[in-house]
Amino acid sequence: MNRAPSTKELEALILAHAAEIAALKAQNDRLAQRVVTLEEELRLERAHRYAPRSEKIRDRIFNEAEQAAAEEEVPDDDAEPWVVPDTGLPEGERPEPHKRGRKPLSADLPRQRVEYDLPEGQKSCPCCNKPMHRMGENVTEQLHIETKATVLRNVRFKYACRHCERTGINTPVVTAPMPAQPLPGSVATAATLALVLASKYVDGTPLYRLTEALARANVSVSRGTMGHWVIRTSEKHFERIYDVLKEKLRGQDVIHGDETRVQVLKEKDRKAQAQSYMWGYRSAEGAKEPIVLFDYQPGRGQKYPQAFLAGYTGQLMSDGYDAWRTLKGAAHLGCMAHARRKFNDALKARKKASGPSVEALKFFEALYEVERLAGQSPPDGETRSDYTLRLRQEHSVPVLSAFKGWLDKQASQVLPESLTGKAIAYTRNQWEYLIRYASDGRAPIDNNLLERDIRIFVTGRKNWLFSDTVAGARASAVIYSLVLTCRACGIDPHAWLTHLLTELPQRGPETDIEDLLPFNFVARNDARAANTS
């Protein structure tokens, strides 16, 4: 006969089963949370691959948030939604909507008149056969572009002395000099080099494609030759300009900082697959001397920005990457757009457009609405920075205070491993840096200004994929710096490169080159236009 279990044995068995059930329940909860996290990541990856990636504030993200709130059928809990405080922000002016249709051809383009007349036999009236008179013109315009290549035959006249030819032992020969060329011994003129550089670094055209394009114009230049032009031009001329711009940038009150990857195939003691980085630095929007600089480095360590910005004591805007925050002496600003982007990603990853991310985006909407108003003309008697600071103190600070309360409340109510939980954790961890902009009218709210410049480099990188050598990567960093500085100054990079490569070879190593810098090129052209008018 089987002995019946005792009471103690039953209690032990019950406790063991209870512990096992509790362990299984905890494991099930963890797995369920893991499934939710993986589903979010999958939906976000699909959204990144197939959905629009625009970050326009009012046109897309915040309208999406409003739509999400309207479509929500059942609230997550019975708590009342957190309300963004109404600070009485004025409406301000709205930008005019984008006009569709074909834009008129620029009035600055030269015009060539092409006349079309009736044959003499058709100038009689088809009704009465009397001669007709010309009553007017019907004028239409077409855009005509030609690609032409020419060869400059540099003829240098030589002179000799007839007297010395007859009586002297040696006859001196004097040859007319040529202006110093950007690359002595090369067939490339300043305009040719500017075309190659603008095609690669402004238009993102790889050199092999440019070789094919030039071949269609009956110009045969190899990819290796053009690569040689790029590196030699950078080392011989552009680095001199780059060093001057670097010193000027480090003396400015606000600097943006960011980094992006780049691959270099032939780098000493490194595999071809190893990731290197382009470190980007930029002056603030509205700076009198706009400067954008790239710095190639083989890694992502803190020593690189520390060396580039050694001794800098101004304001440094960056994302949450710790290497930037190691700069001692600088006042560090956090990027509000990075925090906003994480909530936007969390919203994209949800099955239904609802949840805490919708409320978070409303706070960001209110903060950026203040910045939109601050970007308009300040009232008479008030500087731009004072006007911006006043608006931020009156309207941004109350919103930031309410946002912080919302973040603290939500932190204990969402799954830490979810995208919303990670967005909240990131924003709370960076809060000290995110709110500093509200205390200074010169400080930017985010790092979007430099990110837009880096996007130009990223577009080019998708085309040429990698740099072959370290010298090529460094040349790319220097040339991208110059063309993006031109872009920040609002001037044509091709025109400036042509001017620079024509003038700089004539200047000695100790000669002042201040007038050749991009922002001074703008001022000179403006002064010339004013004198002409």
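**Entry 1: a serine in a loop.** I started with Ser418, whose side chain reaches the backbone oxygen of Leu415 at 2.7 Å. I count a polar contact as a pair of N or O atoms within 3.5 Å; within protein, one must be able to donate a hydrogen and the other to accept it, and residues adjacent in sequence count only if both atoms are side-chain atoms. Ser418 sits in the loop between helix H11 (384–411) and helix H12 (419–429). Helices (H or I, at least four residues) and strands (E, at least two) are DSSP runs, numbered from the N terminus. Is Ser418 buried or exposed? I found it buried, because its relative accessibility is 8%. My cut-offs: buried is under 20% relative accessible area, exposed is over 50%, and partly exposed is in between (1.4 Å probe, protein chains only).

**Entry 2: ground rules.** I remind myself that this is a predicted model, where local features need pLDDT of at least 70 and side-chain atom pairs count only at pLDDT 80 or more, while totals for chains, interfaces and linings use all residues. Residues are numbered from 1 along each chain as its sequence is written, and side-chain values use heavy atoms, with hydrogens and water left out.

**Entry 3: the overall count.** I noted 17 helices and 8 strands in the protein. Of its 533 residues, 38% are buried. The accessible surface comes to about 33000 Å², and 52% of that belongs to carbon and sulfur atoms; these areas come from the Shrake-Rupley method with a 1.4 Å probe, and for residues, only the protein chains shown count as cover. I also checked contacts (heavy atoms within 4.5 Å). Among those in the protein with a separation of 6 or more, 67% are between residues 24 or more positions apart.

**Entry 4: salt bridges around Asp453.** I take a salt bridge to be a side-chain nitrogen of Lys or Arg within 4 Å of a carboxyl oxygen of Asp or Glu. The structure holds 26 of these salt bridges. Which residues pair with Asp453? One is Arg282, with the closest N and O atoms 2.6 Å apart. Arg282 belongs to strand E4 (residues 275–283) and Asp453 to helix H14 (residues 448–464), so this pair ties together parts that are 171 residues apart in sequence. Arg282 and Asp453 are both buried. Arg487 also meets Asp453 in a salt bridge, at 2.8 Å from N to O. Since Arg487 lies in helix H15 (residues 470–489) and Asp453 in helix H14, that pair ties together parts 34 residues apart in sequence. I put Asp453 down as buried because its relative accessibility is 3%; Arg487, at 44%, counts as partly exposed.

Entry 5: Glu120 forms a salt bridge with Lys123, and their closest N and O atoms are 3.2 Å apart. Glu120 is exposed, with a relative accessible area of 63%, and Lys123 is partly exposed at 24%. I also noted a network of salt bridges that links Arg113, Glu115 and Glu137.

**Entry 6: cysteines.** How many disulfides are there? Taking a disulfide as a pair of cysteine sulfur atoms within 2.5 Å, I get a count of 0. Cys125 is in no disulfide, and its nearest cysteine sulfur, that of Cys128, is 3.8 Å away. The sulfur of Cys161 is 3.7 Å from the closest cysteine sulfur, in Cys164, which is too far for a bond. Cys161 itself counts as partly exposed, at 28% relative accessibility.

**Entry 7: the loop between H2 and E1.** Gln122 has its place in this loop, and at 48% relative accessibility it counts as partly exposed. From Gln122 to Met132 I have 10 residues in sequence and 9.3 Å in space, C-alpha to C-alpha. Leu143 is found in the loop between helix H2 (57–71) and strand E1 (158–160), and it counts as exposed at 55% relative accessibility.

**Entry 8: helix H16 and a glutamine.** Asp492 caps the N-terminal end of H16, with a side-chain oxygen 3.2 Å from the backbone nitrogen of His494. In H16 (residues 493–503), the buried residues include Pro493, Trp496 and Leu497. Last, I looked at Gln376, in the loop between helix H10 (356–374) and H11. Gln376 is buried, with a relative accessible area of 19%. Leaving out residues up to four places away in sequence, Gln376 touches Gly92, Glu93, Arg384 and Tyr387.
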